[in-house]
Amino acid sequence: MKTIQGPLITILMLIVTINAVSQEKGQYTWNGHQCAVALTYDDGLNVHLDLVAPTLDSAGLKATFYIPGNALSLRNRLNDWRTLAKNGHELGNHTLFHPCAGDLPGREWVNPDYDLSTYTMKRMLDEIRLANTLLQSIDGRTKRTFAYTCGEEMVEGMSLNSEIAEDFVGARGVVPKTMEIGEVVMFDIGAFMVSGQTGEALIAMVEKARKDFSLIVFIFHGVGGEHAINVDLAEHNKLLRYLKENERDIWVATMADIAEFVMAHQMSLERLEGHE
Ligand SMILES: [Zn+2]
């Protein structure tokens, strides 16, 4: 007995230490996973319905689709979007007319009728709220997230962030960064633009987030075509395969589900701090 007591105590102490370290690092903070991944697809493209959604569904992964109200695919394929929402994906708000500032260099393509630099805050909020009504009429949901069009968060020189706080559970920005759960700013969630990366490069980004116990958000546009900002379908699918294979450690969820989870976590931390 005496001979094993020493090593046994050492092992027990080691287990206690490892537990303390992993709790401190928030190893399972993300709904019981090491990290969280949000896959987001912008601008309501046909390839999202034809190529992306079937691949996600066969892997059982949920994603967010930011669809402007004037997307042609919304008019032409309303039932397909309804089915996509029924399958557990989020229809995210991306305004009605996708306004972007036309007074920046290289913005000749901006339609003068929907030039964000000429918008009032009231007009932008009206547009965003009408887009919510439109999306609710398709999916029946009242909780969703917003994605700033062209990543622009200022209207009339004022920040849109606090103006839409009552309308959404969170909003996606365009600052490329991963975030630990306490670092997430609900109405300016960092995200990485995907444009031409290989599957290996995308997987390496998730691996890094996993090491840091962080959230990583990807912004896709074209997948296998249909947009100037594009990723090869095969490379995109490599990422999805990796996420599926590692689903025990990686939480893949919609932006709305992740935002609600983060908010609840941050509020419980605030309550704890309030009791100290
Ligand atoms: Zn967009």
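## Tyr41 and its surroundings

Tyr41 touches His48, Val52, Leu56, Ala63, Thr64, Phe65, Tyr66, Phe220, Val223, His236 and Leu240, leaving out residues up to four places away in sequence. These contacts are read from a predicted model. Tyr41 has a relative accessible area of 0% and is therefore buried, since the limit for a buried residue is under 20%.

Tyr41 also belongs to the residues with the most contacts inside the largest nonpolar core, together with Leu39, Phe218 and Leu243. That core has 38 residues. The element that gives the most to this core is helix 2, residues 46-59, with 5 residues.

## The protein as a whole

The protein contains 8 helices and 12 strands. Of its 276 residues, 48% are buried. Among contacts with a separation of 6 or more, 73% are between residues 24 or more positions apart.

The accessible surface of the protein comes to about 13800 Å². Carbon and sulfur atoms account for 56% of that surface.

## Aromatic pairs

How many aromatic pairs does the structure hold? There are 8 aromatic pairs. In one of them, the ring centres of Tyr41 and Phe220 are 4.9 Å apart and the planes meet at 15 degrees, so the pair is stacked. Tyr41 lies in strand 1 (residues 35-42) and Phe220 in strand 9 (residues 215-220), so this pair ties together parts that are 179 residues apart in sequence. Phe220 has a relative accessibility of 0% and therefore counts as buried.

Another pair is formed by Phe65 and Trp81, with ring centres 6.0 Å apart. Their planes stand at 65 degrees, so this pair is edge-to-face. Phe65 is in strand 2 (residues 64-67) and Trp81 is in helix 4 (residues 78-86), and the two residues are 16 residues apart. Both Phe65 and Trp81 are buried. Ring pairs join Tyr41, Phe65, Trp81, Phe218 and Phe220 into a cluster.

Arg123 lies over the face of Tyr119, at 3.8 Å from the ring centre.

## The zinc site

Which residues are the protein donors of the zinc ion? They are Asp43, through OD, and His94 and His98, each through NE2. These donors lie 2.1 to 2.2 Å from the ion. Along the sequence, the donor residues follow the spacing D-x50-H-x3-H.

Asp43 is located in the loop between strand 1 and helix 2. With a relative accessibility of 17%, Asp43 falls under the 20% limit and therefore counts as buried. His94 is buried as well, with a relative accessible area of 1%.

## Backbone angles at Asp43 and Thr95

Most residues other than glycine have a negative phi. Asp43 is not a glycine, yet its phi is positive, near 85 degrees. Thr95 is not a glycine either, and its phi is positive at about 65 degrees.

Thr95 lies in the loop between strand 3 (90-93) and helix 5 (121-139). Is Thr95 buried or exposed? Its relative accessible area is 0%, so Thr95 is buried.

## Thr145 in strand 4

Thr145 lies in strand 4, which spans residues 145-147. The relative accessible area of Thr145 is 0%, and the residue is therefore buried.

## Pro54 in helix 2

Pro54 is placed in helix 2. Pro54 has a relative accessible area of 42%. This value lies between the limits of 20% and 50%, so Pro54 is partly exposed.

Pro54 and Leu84 are 30 residues apart in sequence. In space, their C-alpha atoms are 9.2 Å apart.

Terms used:
Residues are numbered from 1 along each chain as its sequence is written. This is a predicted model: local features need pLDDT of at least 70, side-chain atom pairs count only at pLDDT 80 or more; totals for chains, interfaces and linings use all residues. Side-chain values use heavy atoms; hydrogens and water are left out. A nonpolar core is a set of buried Ala, Val, Leu, Ile, Met, Phe, Trp, Tyr and Cys residues joined through side-chain atoms within 4.5 Å. Buried means under 20% relative accessible area, exposed over 50%, partly exposed in between (1.4 Å probe, protein chains only). Helices (H or I, at least four residues) and strands (E, at least two) are DSSP runs, numbered from the N terminus. Contact means heavy atoms within 4.5 Å. Donors are N, O and S atoms within 2.8 Å of the metal (3.2 Å for Na, K and Ca); water is not among the atoms, so sites may look incomplete. Rings of Phe, Tyr and Trp (its six-membered ring) pair if their centres lie within 6.5 Å; planes under 30 degrees apart count as stacked, over 60 as edge-to-face and the rest as tilted. A charge sits over a ring if NZ of Lys or CZ of Arg is within 6 Å of the ring centre and within 35 degrees of the ring normal. Accessible areas come from the Shrake-Rupley method with a 1.4 Å probe; for residues, only the protein chains shown count as cover.
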